[in-house]
Structure formats: C-alpha cells, structure tokens
Amino acid sequence: MKYKNAIITGASSGIGRAVALSLSKRCESLALIARSKDKLAAVQAEIEELSGTEGPSIRTYSLDVCDEVEVVSAIDEYVSEFGGVHILFNNAGIYFQGLQGVTSDQLDQMLRVNILGAFHVLQAVIPHLVPEESYVFHLSSRSGKIARPNSGAYAASKFGFTGLSEAYYQDLVPTGIKLTSLCPSFIRTPMTQGFAFPQEDMIDVTDITRTVDYLLDLSSEAVIKEIVIECRKSL
Ligand SMILES: NC(=O)c1ccc[n+]([C@@H]2O[C@H](COP(=O)([O-])OP(=O)(O)OC[C@H]3O[C@@H](n4cnc5c(N)ncnc54)[C@H](OP(=O)(O)O)[C@@H]3O)[C@@H](O)[C@H]2O)c1
C-alpha cells in the first residue's frame, strides 16, 4: 500500500524526528508538528539534505497540540494542499518524574499534552483519513500498561492515552483505518537523558522506526492493536 501523506507530531526531537526521517523514504509529503520552530526547521533541513530532489514535500507547523484551534487550522492547511492523510504518527508528549513529588500543575500539563493534545490531533485528522489506505500510530508507553515506581503521574496520563487509543481502535478499524498503540519502555531520546537507568541499556529509536515499517508493510487484512516493547534489562 502506498502511504502518500503523513503527519507526525512531536517531530522536532527523539522518536518523532526518527520516524519523520524514516517516513521520508516512503511518503510524498510530510507535515511536521511541534512547538519549536527552529528544531522543526532543522529536521526539515536534515531530511532535505538526506533525500535531495527525490525527497518528500515538507511542511512544518509550530504549534502546541493543546491548542485545538491551531491544530485544526494546521491540519486543514496541510490537507487543502496535499489531500487525504495516510499516516498519522500521534506522538507529542511530555514527562515529569514522580508521583507524590509531582505538582498538580505538572500532572495537569501531562494530562493536557499526552491525552488532550493527542485527542485534538486525531479528531482533526479523522475526517481526512482515507478508508482502506490510512494508518494511525499512537505513541503511548509501557508506562501506559504497567506503572513504574516514581513515574506514577506520567503513567496516569499514558494509561489514559492507551485507553483512549483502544476505544478509537474499536471505532476506526471497522471503517478500514488501522490503529496501533506503541507502548515502549526506555528509549534513548532527549526525554530520557538524565534518567538513572543507563543510556546504553535503553532501546534505540531505530527499533521504533523498524516497528513502524513492519506494521505498514503488513497485508490490509492484518491489524495489530498494541505493541509493548520491553527494555530487556528493566522488566
Ligand atoms: N523516550 C522514552 O523512553 C519513551 C518511552 C515511551 C514513550 N515515550 C513517548 O514517546 C513520545 C516521544 O517522546 P521522545 O522520547 O521522543 O521525547 P522528546 O525527544 O522529548 O520529544 C517530544 C516531542 O514532543 C513535542 N511536544 C511536547 N509537548 C508538545 C506540545 N504541547 N505541542 C506540540 N509538541 C509537543 C516536542 O517538541 P517541542 O518541545 O518542540 O514542542 C518533541 O518533538 C512521547 O509521547 C513520550 O511520552 C517515550
């Protein structure tokens, strides 16, 4: 199947950046979304340098996914130029460590970005997904399946996101749109710099890009609801 147009949130860093680079090899256009205009421009330049004249058309949208009006306007602008959306990589997210030590403002921010922001993006994209030709990826977390000590507030936001994703799975799959929740453990990205768990024992972002490629290459009959990617040294 040809996945022509892709939207990636959280594309300025870490997993989103890696997936944007990887999808640039199979898509004709990419919409890169995050707050940092400069970092988005750097990712765009990186893709353009790697792919040269063969590369996809790239549009960047510097916005906060918590702002529903901005999200809808960016998606509408992208769709009016390129048409239907074939891949949504709904990935933007934030992390604060702790449970008792987390402030209510920090929990509020995580709930807003990790659940509400992703909800805004998916809701805005759904009318533009193409039945039988579209794939939605939700970057949840292993912490959205099993709560870790000292990450309880983040786990609450990701459990919520996993639940929301499962509900959307039930709604979308019968309409011919695939959805998979990716639930990885520690991945080596800017988010996990400074974590006590050793960087060298973390999962590399290429394991996410390979998983995305594998899922996109399955037959149209096969759909996988959820993939939990464990870190071998931290079960
Ligand atoms: N790294 C891990 O171990 C791990 C494991 C499981 C799940 N995850 C999840 O994977 C996703 C990506 O994380 P990462 O590790 O790649 O972290 P990262 O390097 O910190 O990237 C997070 C991305 O989200 C964007 N973002 C954050 N808040 C945003 C907002 N309000 N509006 C728009 N964009 C926003 C950031 O861009 P700006 O700052 O420019 O907005 C950045 O592009 C997150 O949902 C995270 O919870 C990560």
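User: Which residues of helix 2 do Arg17, Ala20 and Leu21 in helix 1 meet, and what makes these residues count as in contact?

Analyst: Arg17, Ala20 and Leu21 in helix 1 meet Val43, Glu46, Ile47 and Leu50 in helix 2. Two residues are in contact if their C-beta atoms, placed from the backbone, lie within 7 Å. This is a predicted model, in which local features need pLDDT of at least 70, side-chain atom pairs count only at pLDDT 80 or more, and totals for chains, interfaces and linings use all residues. Residues are numbered from 1 along each chain as its sequence is written.

User: Why is helix 1 called roughly parallel to helix 2?

Analyst: The axes of helix 1 (residues 14-23) and helix 2 (residues 37-51) come within 10 Å and cross at roughly 30°. That angle makes helix 1 roughly parallel to helix 2, because angles under 35 degrees count as roughly parallel, over 145 as roughly antiparallel, 65 to 115 as roughly perpendicular and the rest as oblique. Their crossing is right-handed.

User: How is helix 1 oriented to helix 6, and what makes it so?

Analyst: Helix 1 and helix 6 (residues 205-216) have axes that come within 9 Å and cross at roughly 50°. This value makes helix 1 oblique to helix 6. The contact involves Gly14, Ile15, Ala18, Val19 and Ser22 of helix 1, together with Val205, Ile208, Thr209, Val212 and Asp213 of helix 6. The crossing of helix 1 and helix 6 is right-handed.

User: What makes strand 3 and strand 7 edge strands?

Analyst: Seven strands form an open sheet in the order 3-2-1-4-5-6-7, with parallel pairing. Strand 3 (57-62) and strand 7 (226-229) each have a single partner strand, so one side of each is left without a neighbour in the sheet. From one strand to the next, the twist averages 15°.

User: How do you know that strand 4 pairs with strand 1 and strand 5?

Analyst: Two strands pair if DSSP finds at least two bridges between them. Three bridges join strand 4 to strand 1 (residues 5-9), and four join strand 4 to strand 5 (residues 134-139); both pairs therefore qualify. Alanine 6 has isoleucine 87 of strand 4 as its bridge partner, while phenylalanine 89 has phenylalanine 137 of strand 5.

User: Why are both faces of strand 4 said to be covered?

Analyst: In strand 4 (residues 87-90), Ile87 and Phe89 on one side and Leu88 and Asn90 on the other are all buried. A residue is buried if 20 or more other C-beta atoms lie within 10 Å of its own, exposed if 12 or fewer, and partly exposed in between. Strand 6 likewise has both faces covered, with Ile177, Leu179, Ser181 and Cys183 buried on one side and Lys178, Thr180, Leu182 and Pro184 on the other.

User: What is the hand of the crossover from strand 5 through helix 5 to strand 6, and of that from strand 6 through helix 6 to strand 7?

Analyst: Strand 5 and strand 6 pair in the parallel sense over six bridges, and histidine 138 stands opposite serine 181 in strand 6. The β-α-β crossover from strand 5 through helix 5 to strand 6 is right-handed: with the strands pointing away from the viewer, such a path runs clockwise. Serine 181 also stands opposite glutamate 226 in strand 7. The crossover from strand 6 through helix 6 to strand 7 is left-handed.

Technical notes: Helices (H or I, at least four residues) and strands (E, at least two) are DSSP runs, numbered from the N terminus. Axes are lines fitted to C-alpha atoms, for helices over the stretch in contact, and angles run from 0 to 180 degrees between N-to-C directions. A crossing is left-handed if the near helix is turned anticlockwise from the far one by less than a right angle, and right-handed if clockwise.
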